[in-house]
Amino acid sequence: MDGLTTDQANAACKEPDSATKDFIFQQTMYRIRDPKKSLEFYTGVLGMRLLKKLDFPEMTFSLYFLGYEAAGDIPKDETERTKWCFSRKATLELTHNWGSDEKYHNGNSGQRGFGHIGLMVPDVYAACKRFEELGVTFVKKPDDGKMKGIAFITDPDGYWIEILNNELMIAGEAANAKAV
């Protein structure tokens with residue numbers, strides 16, 4: 001087996017320093033070409049909410065922060081909303097550079113790097129049926145390839161999004177352990 005064993009991985013990890021106790025993973029940023037298309041996709045297809053929009057006219061770009069939060073939890077006061085937004089875990093930041101029609105690299109072709117974000121859904125097959133009905137582009141459908149029960153779709157800029165279910169991941173982990 002290439003890579004680390006579970007024991008080696010655990011041994012390589014350090015106990016978090018107490019100075020980091022209030023750190024959170026707050027955002028992943030994608031550069032986008034068309035905010036209207038991207039916002040429609042992430043809210044209408046994936047069910048996220050726009051948590052905060054920030055414009056920087058002097059630097060000609062806008063930021064759109066999205067996540068899975070209840071509408072009633074989003075503060076109405078803009079100052080409070082900004083503070084609240086940046087206290088949320090695992091948000092998606094969409095960055096739109098005004099006037100740019102540049103096609104951005106998704107990290108999955110040529111020189112690979114960044115791979116994808118992942119969304120846990122209650123039912124991968126039902127979610128994918130809905131995505132198909134909405135015309136979403138698939139990289140991998142749930143029963144394609146060796147890894148069953150997970151899918152990959154793309155957003156309007158070609159970024160990959162893994163669609164998974166925690167229960168299916170446990171079942172897949174058990175099956176892989178038996179095969180080793």
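Me: In the hairpin that strand 2 and strand 3 form, which residue in the turn has a positive phi?
Reply: In this predicted model, strand 2 and strand 3 make a hairpin with four residues between them. The two strands run antiparallel and are joined by seven bridges. The residue in the turn with a positive phi, of about 55°, is Thr-60.

Me: Which residue of strand 3 is the bridge partner of Asp-55?
Reply: Asp-55 is partly exposed, with a relative accessible area of 39%, and its side chain also takes part in a salt bridge with Lys-53. Strand 3 covers residues 61–67 and is joined to strand 2 by bridges. Within strand 3, the bridge partner of Asp-55 is Ser-62.

Me: How far apart are the closest N and O atoms of Asp-55 and Lys-53?
Reply: Side chains of opposite charge can pair when their charged atoms come close. Lys-53 counts as partly exposed at 37% relative accessibility, and Asp-55 is partly exposed as well, at 39%. In the salt bridge between Asp-55 and Lys-53, the closest N and O atoms are apart by 2.5 Å.

Me: Is Leu-50 buried, partly exposed or exposed?
Reply: Leu-50 lies in strand 2, which spans residues 49–56, and leaving aside neighbours within four places in sequence, its contacts include Leu-39, Tyr-64 and Ile-74. A residue counts as buried under 20% relative accessible area and as exposed over 50%. Because the value for Leu-50 is 31%, this residue is partly exposed.

Me: What separates Glu-40 and Lys-36 along helix 2?
Reply: The side chains of Glu-40 and Lys-36 meet in a salt bridge, at 2.5 Å from N to O. Glu-40 counts as partly exposed at 44% relative accessibility, whereas Lys-36 is exposed at 57%. Because the two residues are four residues apart in helix 2, which covers residues 35–45, they are separated by about one helical turn.

Me: How many residues apart in sequence are the parts that Glu-69 and Arg-88 tie together?
Reply: The side chains of Glu-69 and Arg-88 meet in a salt bridge, at 3.9 Å from N to O. Glu-69 lies in the loop between strand 3 and helix 3, and Arg-88 in the loop between helix 3 and strand 4, so the pair ties together parts whose separation in sequence is 19 residues.

Technical notes:
Residues are numbered from 1 along each chain as its sequence is written. This is a predicted model: local features need pLDDT of at least 70, side-chain atom pairs count only at pLDDT 80 or more; totals for chains, interfaces and linings use all residues. Side-chain values use heavy atoms; hydrogens and water are left out. Buried means under 20% relative accessible area, exposed over 50%, partly exposed in between (1.4 Å probe, protein chains only). Contact means heavy atoms within 4.5 Å. Two strands pair if DSSP finds at least two bridges between them. A salt bridge is a side-chain nitrogen of Lys or Arg within 4 Å of a carboxyl oxygen of Asp or Glu.
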